[in-house]
Amino acid sequence: MKLLAFDLSTRRGTIALVSGEGILSATDWPNDRRSSAPFFEALDEIIREHGRPETIVVGLGPGSYTGTRIAISAALGLAATTGAALAGISSLCAISDEDDFCVIGDAKRASFFFGKISGGLLKSDPELLSEDEMKKRIASITTTPIYSSDQLPQFTSVKLRFPSAKLLWLRAQTAPQNLARAPLAPIYLREPHITTSRTRQK
């Protein structure tokens with residue numbers, strides 16, 4: 001069975017096609033969030049060379065809202081045309097092959113998110129923290145590695161690392177019962193802000 005995995009939640013895109021014999025194709029690239037052309041070129045090349053996948057696993061973030069929406073839309077369209085089974089998993093789980101680690105990231109508006117991976121899976125929604133709160137949280141973690149896909153020089157002990165499509169595949173294989181099924185949606189760090197006419201008048 002061929003499984004296609006991809007993620008566009010960070011500034012590095014990643015895609016891989018895996019079968020029972022091993023990795024058929026895998027590539028990463030600088031992910032310009034203003035253009036999805038490199039992703040669709042890589043996707044088209046993989047399908048032309050290796051045929052249609054039977055299963056698709058897509059990273060759901062958190063991270064770039066635009067990139068994650070593009071990835072989910074592509075997964076939905078491809079599943080509809082190929083009949084492939086479709087599932088999603090948090091992109092944070094694919095940052096390391098370790099069972100236990102933490103991930104932080106820039107949540108904008110002077111806030112940061114903190115997620116804990118346990119047994120290879122994100123056990124609860126990422127937590128939003130201020131910079132001071134994040135520094136205290138990081139200081140309290142003594143043995144578990146901490147990663148981020150954002151450049152955050154204020155947190156000196158955090159290592160830069162990006163999601164891997166090969167690790168999305170690994171997580172799908174080792175814990176399929178924890179995959180998200182349709183309808184898939186990005187993992188939000190906060191509810192989308194909606195401006196109404198009443199709030200604009202205040």
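**Exercise 1. Cysteine 93 and the disulfide count**

In which loop does cysteine 93 lie? Determine also how many disulfides the rule gives.

*Solution.* 

Step 1. The model is a predicted one, in which local features need pLDDT of at least 70 and side-chain atom pairs count only at pLDDT 80 or more, while totals for chains, interfaces and linings use all residues. Residues are numbered from 1 along each chain as its sequence is written, and side-chain values use heavy atoms, with hydrogens and water left out.

Step 2. Cysteine 93 is located in the loop between β5 and β6. Helices (H or I, at least four residues) and strands (E, at least two) are DSSP runs, numbered from the N terminus.

Step 3. A disulfide requires a pair of cysteine sulfur atoms within 2.5 Å. The count by this rule is 0 disulfides. For cysteine 93, the nearest cysteine sulfur is that of cysteine 102, 12 Å away, and cysteine 93 is in no disulfide. Cysteine 102 is likewise in no disulfide.

Step 4. Assign the accessibility class (buried: under 20% relative accessible area; exposed: over 50%; partly exposed: in between; 1.4 Å probe, protein chains only). Cysteine 93 has 1% relative accessibility and therefore counts as buried. Cysteine 102, at 2%, is buried as well.

Step 5. List the contacts (heavy atoms within 4.5 Å). Not counting residues up to four places away in sequence, cysteine 93 touches Phe101, Ile117, Gly120, Leu121, Leu122 and Arg171.

**Exercise 2. The surroundings of strand β2**

Which strands pair with β2, and in what sense? Describe also the place of threonine 14.

*Solution.* 

Step 1. Two strands pair if DSSP finds at least two bridges between them. Between β1 and β2 there are 5 bridges, in the antiparallel sense. Strand β3 (residues 22–30) is also antiparallel to β2, over 8 bridges.

Step 2. The hairpin from β1 to β2 runs through 4 residues, whereas the hairpin of β2 and β3 has 2 residues between the strands.

Step 3. Identify facing residues. Leucine 3 stands opposite valine 18 in β2, and alanine 16 has alanine 26 in β3 as its bridge partner.

Step 4. Of the 8 residues of β2, 7 are buried. Threonine 14 lies in this strand and, at 2% relative accessibility, counts as buried.

Step 5. Search for a polar contact (a pair of N or O atoms within 3.5 Å; within protein, one must be able to donate a hydrogen and the other to accept it, and residues adjacent in sequence count only if both atoms are side-chain atoms). The side chain of threonine 14 makes one with the side chain of aspartate 28, at 2.7 Å.

**Exercise 3. The buried face of helix α4**

Which residues of α4 are buried, and against which strands do the buried residues pack?

*Solution.* 

Step 1. Helix α4 covers residues 165–174, and its buried residues are Ala165, Leu167, Leu168, Arg171 and Ala172.

Step 2. Viewed down the axis of α4, the buried residues fall within an arc of 160°, so they line one face of the helix. The arc is that of the directions from the helix axis to the C-beta atoms.

Step 3. The buried residues of α4 pack against β1 (3–7), β2 (12–19), β4 (55–59), β5 (85–89) and β6 (101–108).

Step 4. Turn to alanine 5, which is found in strand β1. Leaving aside neighbours within four places in sequence, its contacts include Ala165, Leu168 and Trp169. Alanine 5 and leucine 170 are 165 residues apart in sequence, yet 9.8 Å apart in space, C-alpha to C-alpha.

Step 5. At the start of α4, a side-chain oxygen of serine 164 comes to within 3.2 Å of the backbone nitrogen of lysine 166.
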